[in-house]
Amino acid sequence: MNQASSSPCLGRAEVRVATACELGEGPGWDAARGEVRWMDILKSELHRANADGSRHRMTRLERRTSYAALTTNGDYLLVAENSLSRLDSETNESRDFLPFEADNPLTRSNDARVDTHGSLWLSSMGLNAEPGAGSLYRLHRGELTCLLSGLSIPNAICFSPDSNYAYYTDTPTGRMMRWRLEADGWPRRAAAGGFEAPEPWTDLRDAGGGPDGAVVDSEGCLWIALWGAGRVARLNPQGREIAHVTLPVIQPSCPLFGGSDLGTLYITTAQEGLQTPGESDGSLFAIDLSAHGIRGLEEPLLKL
């Protein structure tokens, strides 16, 4: 049965910032500045705006970039194809930090999220979503470690509030995976060396769309964008859909909680692949969920 037919709808998200992002992705919330940021991966753009959508501005970047992690120094670490670099948030000057699959011209960066330990999990995928071309990494105190390879479109990187689990999906599989973490935030070590394999957590093949970006709220529920379905689903810690919000466009890519009380759900969207994009496709959407008692978690800062 399609889960979309069985969970209550909490409302419809509306355009907060009208943009025409080819592939809006990687939203983040900067509490100190009171602003939301997001990327257009394919246009190499960093977007920023106030919580209410005002003062929208765009910075052109050198490479296709999927995420801008806010660091403890107040600058951004840009996750881009072939490179990780640091961007001054005031002057927009950048400098190289680390190569990222620089020896593989057939991949680009994709999903990313900072964990509760201040380390960055990030992924790569094939430029044309080639099967098995992607990998999942952890950047911990300046050192990059590959956690898993052989993925196609790694997405939905997020973490349980108690730091016990990491979640991710390989979008074409339609399944969410869960990885048990050790106290230092690494996946559990296997007795024979390396890491234990992640375990299946929930099956979203009947959810109406492909699982894309995700974020966890203060109750430990996971919000997952369903690409092609025009909605974002809320899953309880057992992986069952318990609610959802809708959008007037069909390609939501990643949700994020922000605003002064972390009660606003922002959602990036995309025009990519649409024959005739509508005027709202690729915009940043938002919906206030505080009336439902739903709030997000404070975004951890990246420690380098």
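Student: By class, how many nonpolar, polar and charged residues does the lining of the largest cavity have?
Tutor: In this predicted model, the largest cavity is lined by E25, G26, I41, S66, N110, D111 and A112. Glu and Asp count as charged, and Ala and Ile as nonpolar, while Gly is placed among the polar residues. Sorted in this way, the lining of the largest cavity has two nonpolar, three polar and two charged residues.

Student: Which strand gives the most to the lining of the largest cavity?
Tutor: Both β3 (24-30) and β11 supply at least two residues of that lining. The lining includes N110, D111 and A112, and β11 covers residues 107-114. With three residues, the strand that gives the most is β11.

Student: What volume does the largest cavity have?
Tutor: The count of cavities of 30 Å³ or more comes to one. For the largest cavity, the computed volume is about 40 Å³.

Student: Which residues lie nearest the centre of the largest pocket?
Tutor: The largest pocket has a volume of about 320 Å³, and β11 (107-114) and β12 (120-126) each supply at least two residues of its lining. By class, that lining has eight nonpolar, five polar and five charged residues. Of the 18 residues that line the largest pocket, those nearest its centre are L23, R108, M125, I153 and E272.

Student: How much space lies in the second largest pocket, and which elements give two or more residues to its lining?
Tutor: The space in the second largest pocket comes to about 280 Å³. Its lining is made up of 17 residues, and V215, V216, L297, E298 and P300 are the closest to the centre. The elements that give two or more residues to this lining are β11, β15 (154-159), β19 (210-216) and β23 (252-258).

Student: How do the residues of the lining of the second largest pocket divide by class?
Tutor: Among the residues closest to the centre of this pocket are V215 and E298; Val counts as nonpolar and Glu as charged. Taken over the whole lining, the division is ten nonpolar, three polar and four charged.

Student: Is L87 buried or exposed?
Tutor: L87 is found in strand β9, which runs over residues 82-87. The cut-off for buried is under 20% relative accessible area. Because L87 has 2% relative accessibility, it counts as buried.

Student: How many helices and strands does the protein chain have, and what share of its residues is buried?
Tutor: Of the contacts between residues at least 6 apart in sequence, 48% join residues at least 24 apart. The accessible surface comes to about 12,000 Å², with 47% of this belonging to carbon and sulfur atoms. The chain has zero helices and 25 strands, and the buried share of its 304 residues is 56%.

Note on methods
Residues are numbered from 1 along each chain as its sequence is written. This is a predicted model: local features need pLDDT of at least 70, side-chain atom pairs count only at pLDDT 80 or more; totals for chains, interfaces and linings use all residues. Side-chain values use heavy atoms; hydrogens and water are left out. On a 1 Å grid over the protein atoms alone, a cavity is a set of points where a 1.4 Å probe fits but cannot get out, and a pocket is an open set with protein on both sides within 12 Å along at least five of seven lines; lining residues have an atom within 4 Å of a point. Grid points are joined across faces, edges and corners, and a volume is the space filled by probe spheres set on the points. Helices (H or I, at least four residues) and strands (E, at least two) are DSSP runs, numbered from the N terminus. Buried means under 20% relative accessible area, exposed over 50%, partly exposed in between (1.4 Å probe, protein chains only). Contact means heavy atoms within 4.5 Å. Accessible areas come from the Shrake-Rupley method with a 1.4 Å probe; for residues, only the protein chains shown count as cover.
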